[in-house]
Amino acid sequence: MENLKKEGKQTGLAVVLVGDDSASKVYVSNKEKACEQLGIYSEKYTLPENTTEEELLSLIHKLNDDKKIDGILVQLPLPNHLDDKVIIDNIRPDKDVDAFHPVNVGKIMIGDFDFVPCTPAGIMELIKESGVPVEGKECVVIGRSNIVGKPMSMLLLHQNGTVTICHSRTKNLSDVTKKADILVAAVGIPKFVTADMVKPGAVVIDVGMDRDEDGKLCGDVDFSSVEPVAGAITPVPGGVGPMTIAMLMRNTVTASKNHKQII
Ligand code: NAP
């Protein structure tokens with residue numbers, strides 16, 4: 001960052017929020033705070049729920065051409081009348097710091113990428129910093145969404161893990177999860193992974209951001225029952241979530257460096 005500033009290049013992120021989703025508002029405000037802490041210039045666009053596709057695309061095209069802006073993030077989910085795919089396809093791939101554009105998704109598949117979706121990237125950092133080896137390990141990912149499950153599986157594969165992806169049609173799920181040395185839960189169901197689904201000593205990574213029966217934030221893993229069985233486990237809150245924001249900042253700085261062509 002300091003080097004970029006010395007080069008006279010201020011890194012810039014634009015965050016676009018459409019509608020009134022309360023969780024999205026919290027995510028966007030956390031991203032703004034992270035920008036402030038790091039000295040990243042940020043612009044926030046809060047658009048009403050009834051924004052048309054044409055209006056949103058017009059903003060994205062303006063940001064695509066704006067030299068102050070290195071990264072563009074459109075907070076998902078969008079209101080139902082807007083098509084996520086159309087919107088993402090219109091973000092310039094070199095400014096797509098969420099790495100959801102098909103060009104960036106393809107690059108992740110090949111293993112030659114600038115940006116990695118922030119949540120899987122954060123999980124890989126957690127794994128690396130914890131000294132957990134991936135090579136040759138049985139890695140099981142529960143969930144196959146485009147934003148978490150699929151890219152997560154590719155990143156583990158690139159690190160030479162033996163990867164199994166599970167989903168809602170997987171039969172005998174616990175037979176599969178019990179083989180995992182590294183188990184990633186990205187299901188969206190509160191406390192879905194229970195102790196009987198986990199191999200003793202396994203590394204358990206909880207991506208879930210769910211609400212329990214009392215409306216309290218919890219993960220996809222039943223932390224209290226799984227923690228004694230697991231070798232290591234991430235909590236919710238305070239595990240994967242903060243890493244996601246850190247990786248968004250990293251992707252934004254990468255975009256800025258690429259625009260400055262100083263890498
Ligand atoms: P998603 O798009 O709803 O995908 C959920 C996946 O779980 C799907 O692939 C689904 O299978 C699978 N699934 C559902 N029920 C299942 C079952 N009974 N058995 C096995 N698999 C099942 O969710 P997502 O966007 O990936 O998010 C997952 C969770 O992570 C959510 O709690 C979300 O809030 C959280 N999240 C957290 C962060 C963060 O920064 N911490 C970031 C993103 C998401 P099918 O494909 O067959 O339907």
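Nine nonpolar, five polar and four charged residues make up the lining of the second largest pocket. Here Ala, Val, Leu, Ile, Met, Phe, Trp, Tyr, Cys and Pro count as nonpolar, Asp, Glu, Lys and Arg as charged, and the others, Gly among them, as polar. The model is predicted: local features need pLDDT of at least 70, side-chain atom pairs count only at pLDDT 80 or more, and totals for chains, interfaces and linings use all residues. Residues are numbered from 1 along each chain as its sequence is written, and side-chain values use heavy atoms, with hydrogens and water left out.

Of the 18 lining residues, Ala121, Met124, Glu125, Gln159 and Arg250 lie nearest the centre of the second largest pocket. A pocket is an open set of points on a 1 Å grid over the protein atoms alone, where a 1.4 Å probe fits, with protein on both sides within 12 Å along at least five of seven lines; lining residues have an atom within 4 Å of a point. Helix H6 (118-129) gives the most to this lining, five residues; helices are DSSP runs (H or I, at least four residues) numbered from the N terminus.

Around the ligand are 23 residues, of which Arg144, Ser145, Ser168, Asp210 and Thr244 come nearest; a residue is near if one of its heavy atoms lies within 4 Å. Polar contacts are pairs of N or O atoms within 3.5 Å.

| Residue | Residue atom | Ligand atom | Distance |
|---|---|---|---|
| Arginine 144 | side-chain N or O | oxygen | 2.7 Å |
| Methionine 209 | polar backbone atom | oxygen | 3.0 Å |
| Histidine 167 | backbone N or O | nitrogen | 3.4 Å |

Taken alone the ligand exposes 940 Å², and the protein buries 70% of that (Shrake-Rupley method, 1.4 Å probe).

Conventions:
Helices (H or I, at least four residues) and strands (E, at least two) are DSSP runs, numbered from the N terminus. A polar contact is a pair of N or O atoms within 3.5 Å; within protein, one must be able to donate a hydrogen and the other to accept it, and residues adjacent in sequence count only if both atoms are side-chain atoms.
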